[in-house]
Amino acid sequence: MSKRARQYIGILAAVVAYYVIHEGAHLVYALITGTFKRINLMTLGVQVDVFAERMSDTQLGVFCLAGAVATFAAAYVLVLLAGRIAKAKSKLLRAVVYYITVALLLLDPLYLSLLCGLFGGGDMNGIALLVPELAARLGFGVLLILNALALLKRVLPVYSRSFSEGGAGETK
């Protein structure tokens with residue numbers, strides 16, 4: 001399989017994994033609290049909808065924070081396992097997990113620190129019920145920096161070395 005094909009598959013897998021983990025955390029919390037309404041299919045993804053009127057401000061805040069917490073936790077599991085995953089013989093598997101790791105490390109902190117104000121707030125609207133929005137955005141900004149450092153210092157070198165070493169029977 002060509003490098004370009006692995007990249008496209010990896011990016012597609014990262015988008016799917018991000019939505020499954022992020023929105024899945026929202027779904028689990030909504031089901032636990034008995035406030036699940038429906039799943040909305042949107043142009044650029046999916047959204048878990050709840051009966052917000054049945055939730056306290058704290059519950060709504062936790063609901064909105066759940067997706068980011070889940071992606072953060074999953075990202076750091078993948079960061080910790082990067083060395084083992086990079087030893088896999090399949091270049092496709094390594095590419096898929098690499099792109100998933102990048103997406104999970106960067107998407108939520110980037111959105112919740114810098115971009116949420118441009119797109120109607122999203123999860124930040126609920127998170128701001130728990131802590132002041134400026135504090136939350138600054139916190140996610142710090143997390144973005146820390147996650148970018150983890151990506152640059154831990155993940156990228158491991159996978160770069162892995163791909164430069166090649167794999168038996170696969171094309172570069």
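Read along the sequence, this protein chain runs α-β-β-α-α-α-α-α, which comes to 6 helices and 2 strands. Please keep in mind that the model is predicted. The C-alpha atoms fill a box of roughly 55 × 30 × 25 Å along the principal axes.

**The chain as a whole**
- Of the 172 residues, 38% count as buried.
- The accessible surface comes to about 9600 Å², and 69% of this surface belongs to carbon and sulfur atoms.
- Among contacts between residues at least 6 apart in sequence, 70% join residues at least 24 apart.

- In soluble globular proteins, nonpolar side chains tend to be buried together.
- Here, the largest nonpolar core has 21 residues, and those with the most contacts inside it are Leu78, Ile100, Leu104, Leu105, Val155 and Tyr159.
- Helices H1 (3–33), H2 (57–80), H3 (82–85), H4 (91–115) and H6 each give two or more residues to this core, with H4 giving the most, at 7 residues.
- Beyond its neighbours within four places in sequence, Leu105 is in contact with Ala75, Tyr76, Val79, Asn147, Leu151 and Val155.
- A second, separate core of 15 residues includes Ala30, Val50, Ile127 and Phe140.

**A look at Ser162**
- You will find Ser162 in helix H6 (residues 133–164).
- Ser162 counts as buried because its relative accessibility is 5%, and the cut-off for buried is under 20%.
- Its side chain makes a polar contact with the side chain of Arg94 (2.5 Å).
- Leaving aside neighbours within four places in sequence, Ser162 is in contact with Ala86 and Arg94.

Definitions and conventions. Residues numbered from 1 in each chain as written. Predicted model: local features only at pLDDT ≥ 70, side-chain atom pairs only at ≥ 80, totals over all residues. Heavy atoms only, no water. Helix = DSSP H or I, 4+ residues; strand = E, 2+ residues; numbered from the N terminus. Buried < 20%, exposed > 50% of the residue type's maximum accessible area, 1.4 Å probe, protein only. Polar contact = N/O pair within 3.5 Å; in protein donor to acceptor, adjacent residues only side chain to side chain. Contact = heavy atoms within 4.5 Å. Core = buried A, V, L, I, M, F, W, Y, C linked by side-chain atoms within 4.5 Å. Areas by Shrake-Rupley, 256 points an atom, 1.4 Å probe, with all protein chains shown as cover.
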